[in-house]
Amino acid sequence: MVIVVTGANSFIGSAVTRRLRENGHTVYGLRHSIEEAPERNEIIPEKADIWVHFAWAGAGRDLRNNEDMQRRSVEIAENAAQCANKLNCKRFIFAGSQAEIHGTSLYGIYKKKAAERIGEIFKGDLVHMRIFSVYGPGDHEGTLIEQIKEACRNDSELILGPCTQKWNFTFISDCAGAFLTVCEAKDTINDTIDTGTDDIRELRSFVTEAYGELGGRRELRFGERGNNAEGAVDLIPDYKKLYSLGFRPEVSFREGIKQ
């Protein structure tokens with residue numbers, strides 16, 4: 001299949017692009033850039049089968065409540081949907097976020113709004129894939145897993161929030177596998193699909209396991225810092241929809257941390 005990926009050099013976008021190419025698909029990638037709205041499509045073919053949209057500005061923790069960036073990202077998503085129509089794409093896959101579920105940050109609010117606007121514009125099969133916590137090589141600095149790794153490397157204290165909420169982590173290669181599964185699905189989906197796994201437990205359990213696997217020696221200081229932009233909420237993916245398409249994770253949390 002011919003697949004267009006916007007945000008193809010992002011953490012998840014690059015992994016998905018590699019996985020699609022490894023499986024024999026022709027992929028046209030557009031950079032992850034707020035200036036590169038896909039109003040023009042000279043660099044992509046006249047026809048494509050699928051459009052996968054990752055491009056989003058303001059996804060970082062410090063920018064999630066920057067309304068100008070969030071609003072501009074919705075405009076880019078609208079432009080992408082219009083381009084997908086022009087290319088006669090049969091399926092549009094929008095990379096959403098777990099932040100949409102409770103909508104306490106502008107990032108989550110505008111991600112949900114983008115999905116709604118794409119649904120109004122795109123004429124084919126729309127799959128809204130809400131991405132839950134993804135980790136692995138190439139992850140952004142400042143994520144929880146990266147903070148744990150840094151603390152273990154430096155033998156420094158790790159100051160954390162309460163970490164009592166229910167959580168889920170997906171290794172980067174499994175996240176790419178989830179997108180591959182949806183791209184290759186033969187039947188119409190037209191639904192919201194969560195990209196999580198069935199390993200759902202208290203966040204404190206994940207933190208403790210990762211810290212131990214990475215050789216952390218200090219006492220973990222739970223409850224001594226505030227929560228992130230989404231607050232202390234349970235984030236539980238509805239993984240059954242993804243599993244019904246044939247997806248199964250290949251990397252356990254413990255194995256992923258070792259990698």
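1. Glu 157 is partly exposed, with 45% of relative accessible area. The model is predicted, and its side-chain atom pairs count only at pLDDT 80 or more. Glu 157 forms a salt bridge with Arg 221, and their closest N and O atoms are 2.5 Å apart. Glu 157 belongs to the loop between α4 (144–154) and β7 (166–171), while Arg 221 belongs to the loop between α6 (203–213) and α7 (240–244), so the pair ties together parts that lie 64 residues apart in sequence. Arg 221 is also partly exposed, at 24% relative accessibility.

2. On the chain as a whole, there are 8 helices and 9 strands. The chain has 259 residues, and 52% of them are buried. Among contacts with a separation of 6 or more, 82% are between residues 24 or more positions apart. The salt bridges in the structure number 18.

3. A second salt bridge joins the side chains of Asp 199 and Arg 201, at 2.9 Å from N to O. Asp 199 has a relative accessible area of 26% and is partly exposed. Arg 201 has a relative accessibility of 18%; the cut-off for a buried residue is under 20%, so Arg 201 counts as buried.

4. Through shared partners, salt bridges connect Asp 199, Arg 201, Glu 209, Glu 213 and Arg 254 into one network.

5. The buried side of helix α6 deserves a separate entry. Leu 203, Phe 206, Val 207, Glu 209, Ala 210 and Tyr 211 are buried in α6. The buried residues of α6 pack against α4, β7, β9 (200–202) and α8. Gly 215 follows α6 and has a positive phi, near 85 degrees.

6. The crossing of α4 past α6 is right-handed. Leu 144, Ile 148 and Cys 152 of α4 make the contact with Leu 203, Val 207, Ala 210 and Tyr 211 of α6. By class, the residues of this contact are 7 nonpolar, no polar and no charged.

7. Nonpolar side chains tend to be buried together in soluble globular proteins. In this model the largest nonpolar core has 56 residues, of which Ile 12, Val 52, Phe 54, Ile 93 and Phe 179 touch the most other members. Helix α5 (residues 172–184) gives the most to this core, contributing 8 residues. Beyond residues up to four places away in sequence, Val 52 touches Ile 3, Val 4, Val 5, Thr 6, Ile 93, Phe 179 and Cys 183. Another core, of 24 residues, lies apart from the largest one; its members include Leu 87, Ala 99, Tyr 107 and Ala 115.

8. Val 16 is found in helix α1 (residues 11–22). Its relative accessible area is 1%, and Val 16 is buried. With neighbours within four places in sequence left aside, Val 16 is in contact with Phe 54, Ala 176 and Phe 179. Val 16 and Leu 180 are 164 residues apart along the chain, and their C-alpha atoms are separated by 7.3 Å.

9. Tyr 28 lies in strand β2 (residues 26–30). Tyr 28 is partly exposed, with a relative accessible area of 30%. The C-alpha atoms of Tyr 28 and Ala 8 are separated by 8.6 Å, and the two residues are 20 residues apart along the chain.

Methods:
Residues are numbered from 1 along each chain as its sequence is written. This is a predicted model: local features need pLDDT of at least 70, side-chain atom pairs count only at pLDDT 80 or more; totals for chains, interfaces and linings use all residues. Side-chain values use heavy atoms; hydrogens and water are left out. A salt bridge is a side-chain nitrogen of Lys or Arg within 4 Å of a carboxyl oxygen of Asp or Glu. Helices (H or I, at least four residues) and strands (E, at least two) are DSSP runs, numbered from the N terminus. Buried means under 20% relative accessible area, exposed over 50%, partly exposed in between (1.4 Å probe, protein chains only). A nonpolar core is a set of buried Ala, Val, Leu, Ile, Met, Phe, Trp, Tyr and Cys residues joined through side-chain atoms within 4.5 Å. Contact means heavy atoms within 4.5 Å. A crossing is left-handed if the near helix is turned anticlockwise from the far one by less than a right angle, and right-handed if clockwise. Ala, Val, Leu, Ile, Met, Phe, Trp, Tyr, Cys and Pro count as nonpolar, Asp, Glu, Lys and Arg as charged, and the others, Gly among them, as polar.
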